[in-house]
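This report describes a protein chain through its confidence, its sheet and a few selected residues. The sequence and the model are shown first.

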Amino acid sequence: MTPRTLLALGAAALAVTAGSLGVGPSQLDGVPTAAAADFPGDGTPSATPSVDVSTAKLRRVDAVELDAESLVFRSGDKTVADVSMRDSRSTVDLLNRLLGTPARTQTAIGSGGACFPSGTTYTWGGALRVAAMTTPAEAGNAVEIRVLKDAVRSRSGDPVALSGPDGVRVGDDIEDELRAAPRSDKVSFGSGDSRAWQLLLEPGWAPTTDDDAHTGDSSGASDTAADDDDTAGSNGVSALTNGTVVSVLGSPMPVHTQRSC
């Protein structure tokens, strides 16, 4: 990665650094394959997932799309599963069944970045990374997802396209989208030839207001809600760029937040 890409990654508070797993992606015809796990087990949380998809349907999945609050599994134009990012078990289970055994590492509180909770991070083929948290984050998400490549091989060896909303993929040049986006949806890192960007592709994870705001207790509740609105920025699925070329897709990923956590 170039220095400006690393700068964007750090500023956007990615769940874990790209090299932290210690397992590089293998390649098959230019498409990364799912790597073998670093740790014992099959990489799937022990509890029963809530989303049930048959093996036959899962085998037909040829694309996975990261939306603001869910991961969508598609077969052509058909949606096979739309899994909420509040459901870490189903997210990891379906990816494990589709892509094979992931590389896996445990994270302690703060080891994945400032304010990052403890959990387990799964990576398939160096292309798709899911950090499953021990407890949900304040926004409500139980996972943080990062797409690092435009495709990965399935368990059966077939290519699976990886994208964000509207088909945006790692490697796409989004100069036109950056130019058209309002300032509230983008932020730049560096300057001149070393500039990188974060662009909000789809909003989500709206901050929740304090419970006091709904109980009739007016002693400072409105001020607290206003402060949250001022510092929370916008959240959802974002693209990070190297210049104007997409290098990472991620959700949740806030833009213009002024809070440290």
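## A buried loop residue

Val61 has a relative accessible area of 5% and is therefore buried (buried means under 20% relative accessible area, exposed over 50% and partly exposed in between, with a 1.4 Å probe and protein chains only). The residue sits in the loop between helix H2 (55-59) and strand E3 (63-66); helices (H or I, at least four residues) and strands (E, at least two) are DSSP runs, numbered from the N terminus. Beyond its neighbours within four places in sequence, Val61 is in contact with Phe73, Arg74, Ser75, Val80, Leu98 and Val160, where contact means heavy atoms within 4.5 Å. Ser75 is 14 residues away along the chain, yet its C-alpha atom is separated from that of Val61 by 4.4 Å.

## Basis and confidence

This is a predicted model, in which local features need pLDDT of at least 70, side-chain atom pairs count only at pLDDT 80 or more, and totals for chains, interfaces and linings use all residues. Residues are numbered from 1 along each chain as its sequence is written, and side-chain values use heavy atoms, with hydrogens and water left out.

The chain has a mean pLDDT of 77, with 66% of its residues at 70 or more; pLDDT is the predictor's confidence in each residue, from 0 to 100. The pLDDT is below 50 over residues 3-30, a stretch that has 62 contacts in the model beyond near neighbours in sequence. It is also below 50 over residues 33-44, where 40 such contacts occur. Where pLDDT is low, the predicted coordinates should not be read in detail.

## The eight-stranded sheet

An open, antiparallel sheet is formed by eight strands in the order E6-E7-E8-E9-E15-E14-E13-E12; two strands pair if DSSP finds at least two bridges between them. Strand E6 (103-107) and strand E12 (186-189) are at the edges, each with a single partner, so one side of each has no neighbour in the sheet. From one strand to the next, the twist averages 20° (axes are lines fitted to C-alpha atoms, for helices over the stretch in contact, and angles run from 0 to 180 degrees between N-to-C directions).

E12 and E13 are antiparallel and share four bridges, with Phe189 opposite Ala196. Six residues separate the two strands in a hairpin, and Gly190 in the turn has a positive phi of about 80°. Strand E13 (residues 196-203) is in turn joined by five bridges to strand E14 (residues 236-242), and Leu199 stands opposite Ala239.

## Strand E8 and its surroundings

Six of the six residues of E8 are buried, so the strand is largely enclosed by the rest of the structure. Leu128, Val130 and Ala132 point one way, while Arg129, Ala131 and Met133 point the other. Six bridges join E8 to E7, where Thr120 faces Ala132, and five join E8 to E9, where Ala131 stands opposite Glu144. The hairpin of E7 and E8 has three residues between its strands, and Gly125 there takes a positive phi near 60°.

Helix H3 (residues 88-99) lies across strand E7 (119-124), strand E8 (128-133) and strand E9 (143-147), and runs at about 150° to E8.

## Arg153 and Gly157

Arg153 belongs to strand E10 (residues 151-153) and is buried, at 11% relative accessibility. A polar atom of its side chain lies 2.8 Å from the backbone oxygen of Gly157. Gly157 occupies the loop between E10 and strand E11 (159-163) and is partly exposed, at 26% relative accessibility.

Notes: Polar contact = N/O pair within 3.5 Å; in protein donor to acceptor, adjacent residues only side chain to side chain.
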